[in-house]
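Please keep the sequence and the model in view while reading.

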Amino acid sequence: MRTEQAGQGGRPLAGQVALVTGASSGIGAATARALAGAGATVVLVARRAERLAALCAELGPSAVAHPADVAVEEQARAAVAFAEGRCGKLDILVNNAGIIRPGTVETQDPREWRATFELNVLTAMVLAQAAIPGMRARNGGHIVNISSNAAKIPGGAGQASYAASKYALTALSSSLRKELGAAGIRVTLIEPGTTVTEVAESIPDPQRRAALDRHMHREHNLEAEDVAAAVLYAVTQPPRVNVNEIWLTPTRHP
Ligand SMILES: NC(=O)c1ccc[n+]([C@@H]2O[C@H](COP(=O)([O-])OP(=O)(O)OC[C@H]3O[C@@H](n4cnc5c(N)ncnc54)[C@H](OP(=O)(O)O)[C@@H]3O)[C@@H](O)[C@H]2O)c1
């Protein structure tokens, strides 16, 4: 894969500012490392301040921590304002923070559906809305939405709310691309299959948590760094190229 080499200092993202939600673990942390490694200044957003501080210490001046609960609209908007105020602009928004709440439609508490849609879909829309004016003013920017293989292969039993939220991201990304392309703003959807992360750990029900955790730690799953590499590929293409989507699955678990 070819990456753009146009940044200052030979690093493709030198001079660019990125904001990554859910940067305290898993795919978000790996993406923050990848973007910082390519020269970007990365604003790390999640609720666990101590995790963000540790990643900041690891990445040095390339990273700034901004602890926030982005499911709260005001905090999501404030995170974008923080990035623009502290770093002068926002070039790349990675909507990565997400949750999964397994359960059948027949039995699941609708509050779990709402929490899933609030973070996985509506927060991504709010963050995009907050970031667009600055991107428009600079005639460019990139919004990356982390979706899932659950939006490519429909219908895992017990996954309705998660899969529906990720299908919504497909539609959101497509609409955003049409709304923003003329302004030079790119939109990419990343659809990873099962990736070894902590995503099961926040599931309240112990049995569902244990079952998904076993699945997440199967041999031969993707690693968070594999997904981060896909994000890096998309954001380092020449500005004329919009990588619409990247669908990754573990070779042995297609
Ligand atoms: N792992 C997989 O197999 C897989 C596959 C396809 C897609 N994905 C997607 O990848 C994304 C990242 O998940 P992951 O697997 O890397 O899981 P993870 O390690 O649990 O990461 C989720 C991140 O989201 C953050 N987060 C959750 N709620 C938040 C909130 N209200 N405000 C701010 N941050 C919040 C968490 O940080 P705090 O708890 O510190 O807030 C954490 O950093 C999700 O969108 C997920 O759906 C994962």
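## Basis of the model

The structure is a predicted model, in which local features need pLDDT of at least 70 and side-chain atom pairs count only at pLDDT 80 or more, while totals for chains, interfaces and linings use all residues. Residues are numbered from 1 along each chain as its sequence is written, and side-chain values use heavy atoms, with hydrogens and water left out.

## Helices α1 and α7

Helices here are DSSP runs (H or I, at least four residues), numbered from the N terminus. Helix α1 covers residues 26-37 and helix α7 covers residues 224-235; they pack at an angle of about 50°, with their axes 8 Å apart. Axes are lines fitted to C-alpha atoms over the stretch in contact, and angles run from 0 to 180 degrees between N-to-C directions. This angle makes α1 oblique to α7. Angles under 35 degrees count as roughly parallel, over 145 as roughly antiparallel, 65 to 115 as roughly perpendicular and the rest as oblique.

The crossing of α1 and α7 is right-handed, a term used if the near helix is turned clockwise from the far one by less than a right angle. In α1 the contact (heavy atoms within 4.5 Å) involves G26, I27, A30, T31, A34 and L35, and in α7 it involves A224, E225, V227, A228, V231, L232 and V235. By class, these residues are 10 nonpolar, two polar and one charged. Ala, Val, Leu, Ile, Met, Phe, Trp, Tyr, Cys and Pro count as nonpolar, Asp, Glu, Lys and Arg as charged, and the others, Gly among them, as polar.

## Helices α1 and α2

Helix α1 also packs with helix α2 (residues 49-59), at an angle of about 25° and with axes 11 Å apart. The two are therefore roughly parallel to each other, and their crossing is right-handed. A29, A32, R33 and A36 of α1 meet L55, E58 and L59 of α2. Five of these residues are nonpolar, none is polar and two are charged.

## Helices α4 and α5

Helix α4 (residues 110-137) and helix α5 (residues 160-180) pack at about 15°, with their axes 9 Å apart. They are therefore roughly parallel to each other, with a right-handed crossing.

## Surroundings of the ligand

Around the ligand there are 30 residues (a heavy atom within 4 Å), of which S24, R47, Y162, T195 and T197 come nearest. A side-chain N or O atom of S24 is 2.7 Å from an oxygen atom of the ligand. For Y162, a side-chain N or O atom is 2.6 Å from a ligand oxygen atom. V70 instead uses a backbone N or O atom, which lies 3.0 Å from a nitrogen atom of the ligand.

How values were computed:
A polar contact is a pair of N or O atoms within 3.5 Å; within protein, one must be able to donate a hydrogen and the other to accept it, and residues adjacent in sequence count only if both atoms are side-chain atoms.
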